[in-house]
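Visitor: Hi, can we look at this one together? I'd like to ask a few quick things.
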Amino acid sequence: MDALITAFELPFMARALLILVVLSLVAGLVGVLVNLRGLEFISDGLTHAVFPGIVIGFVWGGRDGLFVGAMVAALAAAVVLTVIVRRAVTSDAAIAIVFTAMFSVGIIVVSRETNFVGQLDSLLFGRLLTVSDVEVDQAVVVCLIALAIVGFTIKEQVFRAFDLEGARAAGYRPLVLDILLNVAIALVVVAASNAVGNLLVLAVLIVPGAVARLVTNRLWLLFPVAAGFAILAAWVGLALGYAASVNGGVDLPSGATVVLLLVAGYVLALGARLGIDRLGVGRIGGPRRSRLRAEQGAL
């Protein structure tokens, strides 16, 4: 229990917690919209599509170039995937083809480096405990931009999530809303890739929103519940990894430990939800979604 406090007296642990708290706040907001829209596969596609930008930036300018490469790839991928989803007859197949091709490009580029395995491991799984002050500042700025994008359009995004035709009739432009949301998702990917890695960022982006949907059927409670759960998992996961390494001599990767706690929390929430529904207290399906629709209609 002491590790929950004492671990973060160390500067590198404090930086790791700060970057995860900021990511949790933004991913909690964006992740709920991802869950409401069913955009988990697109989020996966964005994560893979950003990877070659991260790799090229890293090869070109080292750790300093990583952020620039990721940002350029993220913005381009967000627009391209939005257009693909709207235009492609089989959008899932098109997305899979795009992100598989992009990910392969990244692997080919990084394979030309001398320390191929080490570089690939760092880019895929992150280096949460070695992020610098500059990288923390960059992540905070990117997260604030993503937060502003979603925050200024939150009512329209929720309206779009529940009623596409109604949003069109109300004068909203779904294409613009889709691009803005995908850009926000891509920015979260950029901010998180340095810390938790390109593959593990999906858990930070998707799991908290899924947990919130299991915990509450009140629309506007989804966002704080998702963010709060992500922050709790980050705090406990970092402390657990620290305690295991210092006291138990077991080297637990911090990013992977946080992700496992996120997934464990989802499993517990799912089990509790299924148990409650079995007792007839509530339902996951129609009534819960109807309640969300009713609250959305009051916007």
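Visitor: Which helix gives the most to the nonpolar patch?
Guide: Helix α11 (residues 222-247), with three residues. Helices here are DSSP runs (H or I, at least four residues), numbered from the N terminus. The model is predicted: local features need pLDDT of at least 70, side-chain atom pairs 80 or more, while totals for chains, interfaces and linings use all residues. Residues count from 1 along each chain, and side-chain values use heavy atoms, without hydrogens or water.

Visitor: Which residues make the patch?
Guide: Ile5, Leu232, Trp235 and Val236, over about 350 Å². Patch residues have over 30% relative accessible area and no salt bridge, with nonpolar side chains joined within 5 Å. Areas use the Shrake-Rupley method with a 1.4 Å probe.

Visitor: Where is Ile5?
Guide: In helix α1 (residues 3-6).

Visitor: New topic. How many salt bridges are there?
Guide: Five in the whole structure. Each needs a side-chain nitrogen of Lys or Arg within 4 Å of a carboxyl oxygen of Asp or Glu.

Visitor: What does Arg37 pair with?
Guide: Asp178, with the closest N and O atoms 3.1 Å apart. The pair links distant parts of the chain: Arg37 sits in helix α2, Asp178 in helix α9 (residues 174-196), 141 residues apart.

Methods
Patches are made of residues with over 30% relative accessible area and no salt bridge: like charges are joined within 9 Å, nonpolar side chains (Val, Leu, Ile, Met, Phe, Trp, Tyr) within 5 Å. Helices (H or I, at least four residues) and strands (E, at least two) are DSSP runs, numbered from the N terminus.
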